[in-house]
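Please give a short report on the structure shown here.

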Amino acid sequence: MDYCIQSKKELTDKGIYAQVDNSGDRLAKMIRNGEQQRIPLLAVVGAKEVESGTLSVRGRKIGDFGALSVPEVVAGIKKAVAEAGVFTPPS
């Protein structure tokens, strides 16, 4: 959970709204709830992501983007906002 809080702080420090779901629900239910709430971008964090220092990012319209670092997520979001487009990770 510490890595989630740290990642959230990095995102909010860059002006990006972020929330941590610590409801205790199963991962599949948390993802489904996020999709039902029409959240445009979800970052899933498990043991593998904590170990590698990444976030597993899923877009509502496009699907799974794979593992991205927090700076890559920030860059992709800022680009999408600037271009009024859809999130794409930096190449």
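Asp 13 and Lys 9 both lie in helix α1, four residues apart, which is about one turn of the helix. Helices here are DSSP runs of H or I with at least four residues, strands are runs of E with at least two, and both are numbered from the N terminus. Asp 13 forms a salt bridge with Lys 9, and their closest N and O atoms are 2.9 Å apart. A salt bridge is a side-chain nitrogen of Lys or Arg within 4 Å of a carboxyl oxygen of Asp or Glu. Asp 13 is exposed, at 54% relative accessible area. The cut-offs are under 20% relative accessible area for buried, over 50% for exposed, and partly exposed in between (1.4 Å probe, protein chains only).

The model is predicted: local features need pLDDT of at least 70, side-chain atom pairs count only at pLDDT 80 or more, and totals for chains, interfaces and linings use all residues. Residues are numbered from 1 along each chain as its sequence is written, and side-chain values use heavy atoms, with hydrogens and water left out.

## A pair between two elements

The count comes to two salt bridges. Arg 58 forms a salt bridge with Glu 35, with the closest N and O atoms 3.2 Å apart. Arg 58 lies in strand β2 and Glu 35 in helix α2, so this pair ties together parts that are 23 residues apart in sequence. Arg 58 is partly exposed, with a relative accessible area of 27%. Glu 35 is also partly exposed, at 40%.

## A charge without a partner

Glu 49 sits in helix α3, which covers residues 47–52. Is Glu 49 buried or exposed? Glu 49 is buried, yet it has no salt bridge. The nearest side chain of opposite charge is Lys 48, 5.0 Å away. Lys and Arg count as positive, Asp and Glu as negative, while His and the chain ends are not counted.

Leaving aside neighbours within four places in sequence, Glu 49 is in contact with Tyr 3, Val 44, Thr 54, Leu 55 and Ser 56. Contact means heavy atoms within 4.5 Å.

## The sheet

Three strands make an open sheet in the order β1-β2-β3, with antiparallel pairing. β1 (41–44) and β3 (63–68) stand at the edges with a single partner strand each, so one side of each is left without a neighbour in the sheet. Neighbouring strands of this sheet are turned by 25° against each other on average, direction ignored. That angle uses axes fitted as lines to C-alpha atoms, for helices over the stretch in contact; angles run from 0 to 180 degrees between N-to-C directions.

Strands pair if DSSP finds at least two bridges between them. β1 and β2 pair over four bridges, and Val 44 stands opposite Ser 56 in β2. Strand β2 (residues 55–59) pairs with β3 over five bridges. Leu 55 faces Leu 68 in β3, and Gly 59 stands opposite Gly 63 in β3. β2 and β3 form a hairpin with three residues between them.

## Inside strand β2

Four of the five residues of β2 are buried, so the strand is largely enclosed by the rest of the structure. Ser 56 is in strand β2. This serine is buried, with a relative accessible area of 16%. Beyond its neighbours within four places in sequence, Ser 56 is in contact with residues including Leu 42, Glu 49 and Asp 64.

## The nonpolar core

How many residues does the largest nonpolar core have? The core has 13 residues, and among those with the most contacts inside it are Leu 11, Leu 55, Val 57 and Phe 87. Such a core is a set of buried Ala, Val, Leu, Ile, Met, Phe, Trp, Tyr and Cys residues joined through side-chain atoms within 4.5 Å. The elements that give two or more residues to this core are α1 (2–13), β2, β3 and α4 (70–82). The largest share, four residues, comes from α4.

## Two loop residues

Arg 38 is in the loop between α2 (27–36) and β1. Arg 38 has a positive phi of about 60° although it is not a glycine. Most residues other than glycine have a negative phi. At 58% relative accessibility, Arg 38 counts as exposed.

Gly 46 lies in the loop between β1 and α3. At 26% relative accessibility, Gly 46 counts as partly exposed. The C-alpha atoms of Gly 46 and Asn 22 are separated by 13 Å, and the two residues are 24 residues apart along the chain.
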